[in-house]
Amino acid sequence: MRAWESNIRRVTPYTPGEQPKKTGIIKLNTNENPYPPAPGVERALRETDAGRMRLYPDPTASVLVEAVAKNKDLRPEQIFVGVGSDDVLAMCFLTFFNGAKPILFPDITYSFYDVWADVFRIPYETPALDENFDIDPRDYYRENGGVIFPNPNAPTGVECPQEAIEDILRHNQDVIVIVDEAYVDFGAASALPLLKKYDNLIVVQTFSKSRSLAGMRIGFAMANPELIRYLNDVKYSFNSYTMDQTALALGVASIEDTAYFETTTARIAATRERTKKRLSELGFSFRDSRSNFIFATHKSCPAKELFDALRAQDIYVRYFPKPRIDNYLRITVGTDEEMDIFLEFLKNYLR
């Protein structure tokens, strides 16, 4: 080994979902919204002043912070925005998880958590979900340096009941508890009301899924003002200008169109419920998803076989070759037309 190699920080990186370059595919593998952003987003994009690109954006991102605060009925000082919820969560790890005790998150969960823990040298433990993929709050009664979990969980889509979330908070009032709500807008209950009761709670959401802005990268955290100040201190020490001018303008246009947001999320939820029924008829089983995807296993056909067969037909779903979930497929809910093609293929393949 060369001398300088001993100073390299080596980590196993997060593996994002495949982004095929070809056209004409059915893409059900990365939980993107199948519908375009709100009409106001396109108008804001057309009205973008290219001449302003020579100027730095507002480091406080105040126009977006204020729009999010108004939408969530919070004060601006309770909002932190970043480049997608991944950026927000990474800042949370860097800011709040610095103790000697391990942080806790489920063994089956968003696979970026252990990557951030490794890159920031944070010890962690992963309490196992039960056989139904549910979190047992009692697993989080132990001593720890912080807690994080998604709700609904990823990749299972299972919602953690509000009483279970509060149970975890009640037993962890000396550490930061983060509820990652990337998929909450498709039918789950948000932990947001608990902010009034627990000053150690951080709720993180994103524009990527329910607001069709995965390509724009906008996420935000909601917490008490003291925690937001700590987050901003770290952000300004890392990169003062995280949100570009275009993202700020498009984010505001998106979050102000509540009617479009509600219509689109309801449409996806309706397609999800119809797809669940058809999958059950085809011999699949799954927990009740409250997200924009379904995590399903078939009674006789291995998940990897189905994954490969679907991919050969340019239908992309997500397969995780990991313990406990290596016989499941995560299927993003697309348009009704896309799901019909997907289901028709399965019907013919499995007969």
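Figure 1. Strand 6 (residues 177–180) is covered on both faces. V177 and V179 on one side, and I178 and D180 on the other, are all buried (under 20% relative accessible area, with exposed meaning over 50% and partly exposed in between; 1.4 Å probe, protein chains only). In a regular strand the side chains alternate between the two faces of the sheet. Helices (H or I, at least four residues) and strands (E, at least two) are DSSP runs, numbered from the N terminus. Strand 5 (residues 147–150) runs parallel to strand 6 and is joined to strand 6 by four bridges; two strands count as paired if DSSP finds at least two bridges between them. Within this pair, P150 stands opposite D180. From strand 5 the chain passes through helix 5 (residues 162–170) to strand 6 in a right-handed β-α-β crossover (with the strands pointing away from the viewer, the path from the first strand over the helix to the second runs clockwise). Strand 6 also pairs with strand 7 in the parallel sense, over four bridges, and V177 stands opposite L201 of strand 7. This is a predicted model, in which local features need pLDDT of at least 70, side-chain atom pairs count only at pLDDT 80 or more, and totals for chains, interfaces and linings use all residues. Residues are numbered from 1 along each chain as its sequence is written, and side-chain values use heavy atoms, with hydrogens and water left out.

Figure 2. The loop between strand 5 and helix 5 contains P152 and P155. The peptide bond from N151 to P152 is cis, with omega near -5 degrees. The bond from A154 to P155 is likewise cis, with omega near 10 degrees.

Figure 3. The buried residues of helix 2 (residues 62–72) are L64, V65, A67, V68, A69 and K72. Their cover includes strand 2 (79–82), strand 7 (201–206), strand 8 (219–222) and helix 7 (245–256), where contact means heavy atoms within 4.5 Å. Just after helix 2, D73 takes a positive phi of about 55 degrees.

Figure 4. Most residues other than glycine have a negative phi, and most peptide bonds are trans. N31, not a glycine, has a positive phi of about 60 degrees and is found in the loop between strand 1 (26–27) and helix 1 (39–46). N31 is buried, with a relative accessible area of 1%. D73, also not a glycine, is placed in the loop between helix 2 and strand 2 and is exposed, with a relative accessible area of 71%.

Figure 5. The model has zero disulfides, a disulfide being a pair of cysteine sulfur atoms within 2.5 Å. For C160, the nearest cysteine sulfur is that of C92, 19 Å away. C160 is buried, with a relative accessible area of 6%; C301 is buried, with a value of 8%.

**Figure 6. The second largest pocket.** About 210 Å³ of space lies in this pocket. A pocket is an open set of points on a 1 Å grid over the protein atoms alone, where a 1.4 Å probe fits, with protein on both sides within 12 Å along at least five of seven lines; lining residues have an atom within 4 Å of a point. Grid points are joined across faces, edges and corners, and the volume is the space filled by probe spheres set on the points. Of the 17 lining residues, T60, V65, P76, I79 and N232 are the closest to the centre of the pocket. Helix 2, strand 2 and helix 6 (225–238) each give two or more residues to the lining, and helix 6 gives the most, with six.
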